[in-house]
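Dear colleague,

Please find the structure below, handed over for your use.

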Amino acid sequence: MEENISKPIISYKDVDIVYGGNLVLSDVTFDIRKGEFVYLIGKVGSGKTSIIRSVTGEIPIRKGEASVGNFNLRKLKNRQIPFLRRMIGVVFQDFQLLMDRSVYDNLLFVLKATGWKDKREIRDRIDSVLSAVGMQLKSHKMPYQLSGGEQQRVAIARALLNGPEIILADEPTGNLDTEATENIMELLTGIHDKKDSPAIIMVTHERQLLQKHPFRTLMCENGECRELPADEDFRLDLINLM
C-alpha cells in the first residue's frame, strides 16, 4: 500500500500515560496515519493496553499533546467520548460477543446502538461486513456454535460496521491456534491492503507474526514507548526480548 502522507489520524507528542495514579509510560511520541498497519509490542504490564485505552478516551491525557482525528485528547469532554469511539473499531482477545443472540443480532445490536434505523440499510451493512470476513453463511449461528477463529472474524466484522478510521486490535490472536491465528492475520492484512483502509494498531506477543508479516513496530519497555528501527536483524534481536 502506498505511504499515506496526510495528517496523522493519531498523534502523540511527549505524552505521559497515568493509570490508577501510577505513571505507566512517559514522553510517548508517535504519529500514525490512516492506512498504516502498526504493531504495538512489549512484555505484560509494559503499557501496551494503556496506550489503547488512552486512544479510546478511557484513560485521560494530562501531560503532552495527543489527538485522534479532530479530537484533542487533552481537552476531551465526557460528552465527546461516544463520538470519538464511533471512529474506532475495537477487536478484543476474548471476542466479547453477546452469547444470547445470533451473529446477525450481535451486529444488529451495535448498529441500533449507534443510531442506524433504516432496516434495509442495516441488513445491507451487516451482509457487507460478514461477507468481508467470510462469515456471510453463518449469520444465523449462535457464537457458541462457532470456532474461536470464526468468533474473531465476527468480532472484526463488528469493528468494521461503522466504517472506522482506526481499528485497535488488542491481542486478537491470543486465544487462537496457529492456523486460526494465520487466518485472522491474513484477514487483517487484507483489510489493510484495501483502498482507504483504516489505520490498524495491533497489540501482540507473537514474534512469528512480526517476522512473517513485518510492519512498523512500536515497543513498550521500561516505561517508554519507542519505534523499532527498520533494520531487520536489529528488529529481530529486540523482538526476541518480548
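**Findings**

The buried residues of helix α6 pack against β3 (37–42), α4 (119–132), α5 (148–160), β8 (199–203) and α7 (207–212). Please note that this is a predicted model.

I begin with α6 itself. The helix comprises the 16 residues 178–193. The buried residues of α6 are Ala180, Thr181, Glu182, Ile184, Met185, Leu187, Leu188, Thr189, Ile191 and His192. The N-terminal end of α6 is capped by Asp177, which has a side-chain oxygen 3.3 Å from the backbone nitrogen of Glu179.

In the loop that leads from α6 to β8 one finds Asp196. Asp196 is not a glycine, yet its phi is positive, at about 60 degrees. Most residues other than glycine have a negative phi. Asp196 has a relative accessibility of 65% and therefore counts as exposed, the cut-off for that class being over 50%.

**The sheet and the hairpin**

Four strands form an open sheet with antiparallel pairing, in the order β2-β1-β4-β5. The edges are held by β2 (22–32) and β5 (71–72); each has a single partner strand, so one side of each has no neighbour in the sheet. Within the sheet, β1 (residues 10–19) and β4 (residues 63–68) are joined by five bridges in the antiparallel sense. Asp16 stands opposite Lys63, a residue of β4.

Strand β1 also contains Asp14. The phi of Asp14 is positive, near 55 degrees, although the residue is other than glycine. With a relative accessible area of 38%, Asp14 is partly exposed, because that class lies between 20% and 50%.

A further antiparallel pair consists of β9 (residues 216–221) and β10 (residues 224–227), linked over four bridges. Glu221 has Glu224 in β10 as its bridge partner. The two strands β9 and β10 make a hairpin with two residues between them, and Asn222 in the turn has a positive phi of about 55 degrees.

**The largest pocket and helix α3**

Which residues lie nearest the centre of the largest pocket? They are Arg85, Ile88, Val90, Phe92 and Arg158, out of 25 residues that line the pocket. Two or more lining residues come from each of α1 (48–55), α2 (81–86), β6 (88–91), α3 (103–113), α5 and β7 (166–170). The largest pocket holds about 780 Å³ of space. With four residues, α3 gives the most to its lining.

Helix α3 also has a buried side to its account: Val103, Asn106, Leu107, Leu108, Val110 and Leu111 are buried. The buried residues of α3 pack against α4 and α5. Just after α3, Gly115 has a positive phi of about 95 degrees.

Ser102 counts as buried because its relative accessibility is 12%, and buried means under 20%. A polar atom of the Ser102 side chain lies 3.1 Å from the backbone nitrogen of Asp105. Leaving aside residues up to four places away in sequence, Ser102 touches Ser139, His140, Lys141 and Met142.

**Leu161**

Is Leu161 buried or exposed? Leu161 is buried, with a relative accessible area of 1%. The residue lies in the loop between α5 and β7. Beyond residues up to four places away in sequence, Leu161 touches Leu107, Val110, Leu111, Trp116, Arg125, Ile126 and Val129. Among these, Leu107, Val110 and Leu111 also belong to the buried residues of α3. From Leu161 to Gly57 the separation is 104 residues in sequence and 20 Å in space, C-alpha to C-alpha.

Yours sincerely

Notes
Residues numbered from 1 in each chain as written. Predicted model: local features only at pLDDT ≥ 70, side-chain atom pairs only at ≥ 80, totals over all residues. Heavy atoms only, no water. Expected span 1.5 Å × (residues − 1). Buried < 20%, exposed > 50% of the residue type's maximum accessible area, 1.4 Å probe, protein only. Contact = heavy atoms within 4.5 Å. Polar contact = N/O pair within 3.5 Å; in protein donor to acceptor, adjacent residues only side chain to side chain. Pairing = 2+ DSSP bridges. 1 Å grid on protein atoms, 1.4 Å probe; cavity = no way out; pocket = protein on both sides within 12 Å on 5 of 7 lines; lining within 4 Å. Points joined across faces, edges and corners; volume = space filled by probe spheres on them.
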